[in-house]
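Below are my notes on the model, as numbered points. Please read them with the coordinates open.

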Amino acid sequence: MSLTLSCAFATSNDSHEHARIAEQLGYARAWFYDSPALYPDVWVQLCRAAERTSRIGLGTGVMIPSLRHPMVTASAIGTLVSIAGQERVTLGVGSGFTGRYTMGQEPLKWSYVRAYVTALRALLRGEQVEWEGGVMQMMHPEGFAPPRPTEVPIVIAAAGPKGIAAAHELGDGVFGAPFPIGGFDWSVVLTFGTVLDDGEDPGAPRAIEAGGPGAPVVFHYAMENRQLGLLPNGEQWAAAYADVPKSTLHLALHDRHLIAINDRDRPFVTGELLASNGYALSRDGWRERLAMLESMGATEVAYQPAGPDIARELEAFASAANG
């Protein structure tokens with residue numbers, strides 16, 4: 001497989017340990033999610049991972065600009081670089097799907113993301129930057145942040161023409177899910193699921209718990225964007241949330257998002273669903289899926305493990321991907 005193999009974590013208190021395991025298994029990079037309503041602080045966990053690893057790349061997958069002032073992000077990058085080294089750090093930036101939906105907000109306008117990334121890059125170069133009517137600059141003396149310029153690659157999470165245009169203009173690469181975005185020299189694609197043991201049924205309890213957390217995402221997205229008619233069983237799935245007030249529907253939809261299967265979703269997360277949508281595949285099945293993603297333009301696959309045994313998932317996926 002010529003794809004770069006990386007991993008992504010629904011950031012937990014143990015993600016620093018999972019990054020250490022991923023490093024031992026040969027993963028090139030570990031991406032940490034930035035959804036503070038669901039997971040611990042992304043920068044704290046990245047720094048903890050940096051202190052426990054020596055080689056693996058570390059990045060935000062992806063950070064949401066509206067959650068932090070650009071100076072706060074620039075300082076956080078400097079802190080991580082001071083621990084891990086500049087060559088190991090990558091910044092993923094997006095318009096904020098989960099990170100904003102969980103707080104009842106729509107994704108950011110791409111004009112805001114563009115302005116934010118532009119300001120952030122300038123700060124990391126050591127330049128003076130005007131933001132919200134004030135002029136700022138990274139003034140950290142020696143010993144308080146790495147010297148400027150601090151050069152870290154930036155990948156842009158995109159899911160439409162405006163985002164893809166922003167990635168071409170501002171990014172060093174692009175981050176897509178669940179399918180890659182073609183036309184980039186560096187195209188990361190996020191994927192979920194579990195590798196089945198020999199002879200294991202996709203509906204087996206272990207497979208459901210490990211492969212199931214990613215399965216409801218497409219239904220949740222369709223519900224939020226009023227596209228349920230396009231999905232099989234979409235209306236029946238929506239009925240499980242019929243008693244939830246519209247004002248708090250986003251909270252119910254994101255209950256245990258990408259961590260575990262919530263009670264409303266569980267009746268719909270079956271072995272048939274996992275198998276047909278590629279969330280529970282054999283080793284050969286995963287190799288076929290990775291080959292398909294590569295043919296669609298992916299250069300890096302970021303695998304997010306789930307379930308009660310993250311170490312098992314990381315090891316099984318690395319073994320399948322590497323043949």
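1. Valine 155 has glycine 173 as its bridge partner in β8. β7 and β8 run parallel and are joined by three bridges; strands count as paired here if DSSP finds at least two bridges between them. Helices (H or I, at least four residues) and strands (E, at least two) are DSSP runs, numbered from the N terminus. β4 (residues 89–93) and β7 (residues 154–157) are parallel, and three bridges join them.

2. On the source: this is a predicted model, in which local features need pLDDT of at least 70 and side-chain atom pairs count only at pLDDT 80 or more, while totals for chains, interfaces and linings use all residues. Residues are numbered from 1 along each chain as its sequence is written, and side-chain values use heavy atoms, with hydrogens and water left out.

3. The barrel is closed by eight strands in the order β1-β2-β3-β4-β7-β8-β9-β12, with parallel pairing. Neighbouring strands of this sheet are turned by 25° against each other on average, direction ignored. Strands of a sheet pair through backbone hydrogen bonds, either parallel or antiparallel.

4. β8 (residues 173–176) is joined to β9 by three bridges, and the two run parallel. Glycine 176 has valine 189 as its bridge partner in β9. Both faces of β8 are covered, with Gly173 and Phe175 buried on one side and Val174 and Gly176 buried on the other. Buried means under 20% relative accessible area, exposed over 50%, and partly exposed in between (1.4 Å probe, protein chains only).

5. β9 pairs with β12 in the parallel sense over five bridges, and valine 188 has glutamate 300 as its bridge partner in β12. How many residues of β9 are buried? Six of its six are. One face carries Ser187, Val189 and Thr191, the other Val188, Leu190 and Phe192, and all of these are buried. In a regular strand the side chains alternate between the two faces of the sheet.

6. Proline 153 sits in the loop between β6 (134–136) and β7. At 27% relative accessibility, proline 153 counts as partly exposed. Beyond its neighbours within four places in sequence, proline 153 is in contact (heavy atoms within 4.5 Å) with Val89, Thr90, Leu91, Asp172 and Trp186. Proline 153 and glycine 171 are 18 residues apart in sequence, with their C-alpha atoms 7.7 Å apart in space.

7. The axes of helix α1 (residues 15–25) and helix α2 (residues 42–52) come within 8 Å and cross at roughly 40°. That makes α1 oblique to α2: angles under 35 degrees count as roughly parallel, over 145 as roughly antiparallel, 65 to 115 as roughly perpendicular and the rest as oblique. Axes are lines fitted to C-alpha atoms, for helices over the stretch in contact, and angles run from 0 to 180 degrees between N-to-C directions. Ser15, His16, Ala19 and Arg20 of α1 meet Gln45, Arg48, Ala49 and Arg52 of α2. By class, this contact has two nonpolar, three polar and three charged residues. For these classes, Ala, Val, Leu, Ile, Met, Phe, Trp, Tyr, Cys and Pro are nonpolar, Asp, Glu, Lys and Arg charged, and the others, Gly among them, polar.

8. The buried residues of α1 are Ser15, His16, His18, Ala19, Ile21, Ala22 and Glu23. What covers them includes β1, β2 (29–32), α2 and α13. Isoleucine 21 has a relative accessible area of 16%. Glycine 26 follows α1 and has a positive phi, near 95°.

9. Helix α13 (residues 310–321) lies across β1 (4–9), β9 (187–192) and β12 (300–304), running at about 160° to β1. Helix α12 (residues 283–295) packs on α13 at an angle of about 65°, with their axes 8 Å apart. That makes α12 roughly perpendicular to α13. In this contact, Arg283, Trp286, Arg287 and Leu290 of α12 meet Phe317, Ser319, Ala320 and Ala321 of α13. The residues divide into five nonpolar, one polar and two charged.
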